[in-house]
Amino acid sequence: MCLQGYEAVSVSRIVGTLGMTKGSLYRHYENES
């Protein structure tokens with residue numbers, strides 16, 4: 001468990017944990033306002 005705070009977590013770690021790719025994450029949020 002990482003206790004450094006959410007600011008210290010990379011996008012790579014997030015998508016890896018979720019089983020996604022960076023591209024799919026960015027595509028999902030590119031149209032969000």
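**A note on the nonpolar patch and its surroundings**

1. Ile 14, Leu 18 and Met 20 together make a nonpolar surface patch of about 250 Å². Patch residues have over 30% relative accessible area and no salt bridge, with nonpolar side chains joined within 5 Å. Areas come from the Shrake-Rupley method with a 1.4 Å probe.

2. Please keep in mind that this is a predicted model, where local features need pLDDT of at least 70. Residues are numbered from 1 along each chain.

3. Where does Met 20 lie? Met 20 sits in the loop between helix H1 (11-18) and helix H2 (22-30); helices are DSSP runs (H or I) of at least four residues. Met 20 is partly exposed because its relative accessibility is 32%, and that class falls between buried (under 20%) and exposed (over 50%).

4. In the whole chain there are two helices and zero strands, a strand being an E run of at least two residues. Of its 33 residues, 6% count as buried.

5. Residues 10-29 carry the UniProt feature "DNA-binding region", from an unreviewed entry; such annotations may be inferred rather than shown by experiment.

Definitions and conventions
Predicted model: local features only at pLDDT ≥ 70, side-chain atom pairs only at ≥ 80, totals over all residues. Heavy atoms only, no water. Patch = residues over 30% accessible without salt bridge, like charges linked within 9 Å, V, L, I, M, F, W, Y side chains within 5 Å. Salt bridge = Lys/Arg side-chain N within 4 Å of Asp/Glu carboxyl O. Buried < 20%, exposed > 50% of the residue type's maximum accessible area, 1.4 Å probe, protein only.
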